[in-house]
Every structure is written in C-alpha cells, then in structure tokens.
Amino acid sequence: MAYLILSNISKQFGDTYAVRDFNLEVQKGEFVSFLGPSGCGKTTTLRMVAGFESPTNGTITLDGVDITDKAPNQRNMGMIFQSYALFPNMTVTQNIAFGLRVRNMSKADVKERVREMVSLVNLEKHVDKYPFQLSGGQQQRVALARALAIRPGVLLLDEPLSALDAKIRVSLRAQIREIQKKLGITAIFVTHDQEEALSISDRIVVMYEGNVEQVGTPFDIYNFPKTHFVATFVGSLNTAAAEVLDPAKGLLRMDGVQFFTAAKMDGLTKGDKVRIAIRPERFSFASEVKKANIVDCVIENITFLGSVVRVHILIGNSKFTMDTFNYPSLELPKIGAREQVTCSKEAVLILGAAEG
C-alpha cells in the first residue's frame, strides 16, 4: 500500500476549481515534484496535504490513516516555504530547536537533535547567528534543518529555491536531494522550474489549470509526453502541422517533406491532419550520421548558448531549431547554406489533431 494517497482531491473557490479530481499515490521514501505554471493548482494541492487548506472533495491518507480533516500539527509533516519563514529574533540553534521544544522534548535530546541537524546541513560555523546575518542559501538550509528536526513522515517544499540565484539553486537542490535520500524521507516538492523537477525527482506530476496532465518519471515526462501541454512546457520543442500519408508505415508529410514516426497511429487514416513535435537535440546533420528521416533544410541563424549551439533551420515552410554540443573543433555551416538534417522515427512525436 502506498504511504501517502490523495484520492479524488478537489478544491473549489466559489465557482472556480483550483484543483480538480487530483489522484496520486506516493511511496515511502519517494521524491515527487508538482510541476506547472503559476496558477495551475500545485501549491493549493500541497497546502491541502499540509492541512492549511481543506479539500472540497476527496480524501488524504497517510500511512493508512485518513488525515483529511486533521489539523496541520496532527499530520507529522515538515514544511519549507519559499520565504524561509525563520524567526528573526532567534539564532540558528533556536530556530532549529523550536519545533522540538513545542513537542516537549528534553533539553538533552533537543541539544543532540539540533547538533545532528546542524551537521546535516553544514552550518556548524553559524549556530549563534541570526537570520539577518545569513545568506539566502544559508537561511534556506536552516529552514530545511528545522523541518527535518521533528522527523516528519512527509517533507513538503513549496518553491523553496525560487528566491535564490542560479548557482546557489543548483547547489542547494542537489543538497536537498542528497539529504532526502540519506534520511529516506518522503518528499513533495513544488516548482515551476522544469530543470529543477527533472534533475531531482523520482516522479513528476505535471499540472495545468487545476488538472493533472501527466504523472511519470523525469525520463518519461521528457521523452514521452502524453499531452500537448506537457510536451511544450517541459523542455524546448519544435511543432508543426502534418498530414498522415500511411498510418501503417508511420508516414507523414509536412510542407511537402516526408517524415517517418514510430508513434502509434491508432484511429488515424490517410489525409488526417496531426501536430507533430521533435525535440531540438534529436536532430543532427546528415553528414555526421544518418537515421530514418533525412530532410533538406536552410540554415537561418546560429545561436551560441555556452555548452550548446542552437541552429535555426527552415524545413519546407516551417521553422525548427536543432541543438548540438559545443566543442572547439565544431564546424558549423554558414547562414543561408542548404544542408540535410536527420532524426530517428522515435524522435517524431504526435501530439494530436492539428488546429483547424
């Protein structure tokens, strides 16, 4: 049986549904991310798990116990907020110890647990400092230690890294994941940053307008998106309208150019209009390697993005981008040149019917 179960959870504000029919089973020790744009319902769902919001419908079960109507302090959960929410008049030690003292732990046990948490988040040199004397990353580590000190059954993280700069974000998210694995704690992480979710999650729940679009591993979410929203929200994507030529062979035509796809074409017949999608990194120059699809293109522009070079190409009348790794001996064509690019059948996704 799953450790945390959300069954048909909905949250309605007036006539508007913030979350609708949300279902999820989380295993003990799993790291799950809620991913989606602002207003999609991910934080509302997290707040219902925490007990700060009551669901309009549905039930929440933790370790076999129905906690739907329990108060936040009766759920054995730790929460980390975007704003850190540290007590400004308390030192690092006092902030971490706060939840333990509320639980009436002995002074000796509090001291030992605080020492353990301080060591876990590498703040030994800052134990007597106040929040205003700490950097943003250090403050967030204090918040993490405080949440973990009570040994919660579930750790909830509401966009905890969004206020930090890029390098600290990358470092801290890796540390959070490392600590979560070390402790074997169940965690739910809310973010709108796709790279963040892809890099640290066991599974991702992609949400849009209060609905669950797809649940899966980072690998599946990125490589096998089930809806148009997931495909376009997670990672860069080329899309174009195409016509089905032979569904049995997986043959499509876009602007007079033929593509083969490995996608299932059940229910499609010759002449149907569909929307296809190809990730930029799935293209390569045909002079380097040849795959199932080899098509002519015109080089429109080249953009350097550090470790990646993005080549803007025109296939038929449709604009695409192609990503290739940057290295010193890389030879790129000139803008305006005619070239051939290639991609596999598996690279060509079908996202459904084309508009119109």
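Predicted model: local features only at pLDDT ≥ 70, side-chain atom pairs only at ≥ 80, totals over all residues.
Local features need pLDDT of at least 70 and side-chain atom pairs 80 or more, while totals for chains, interfaces and linings use all residues. Residues are numbered from 1 along each chain as its sequence is written, and side-chain values use heavy atoms, without hydrogens and water.

**Aromatic pairs**

The whole structure holds 9 aromatic pairs (Phe, Tyr or six-membered Trp rings with centres within 6.5 Å; planes under 30 degrees apart are stacked, over 60 edge-to-face, the rest tilted). Select F31 and F189: this pair is tilted, with 5.8 Å between centres and 35° between planes. F31 belongs to strand β3 (residues 31-35) and F189 to strand β8 (residues 186-191), so the pair ties together parts 158 residues apart in sequence (strands are DSSP runs of E, at least two residues; helices are runs of H or I, at least four; both are numbered from the N terminus). F31 is buried at 0% relative accessibility, and F189 is buried at 0% as well (buried is under 20% relative accessible area, exposed over 50%, partly exposed in between, with a 1.4 Å probe and protein chains only).

Next, select Y208, F229 and F233, which ring pairs link into a cluster.

**Charges over rings**

Show K28 with Y3: K28 lies over the ring face, 4.0 Å from the ring centre (NZ of Lys or CZ of Arg within 6 Å of the centre and within 35 degrees of the ring normal). Then go to Y222, where the charged end of R279 sits over the ring at 4.1 Å from its centre.

**Helix α4**

Finish at α4, where 13 of the 14 residues are buried. After α4 comes R151, with a positive phi near 55°.
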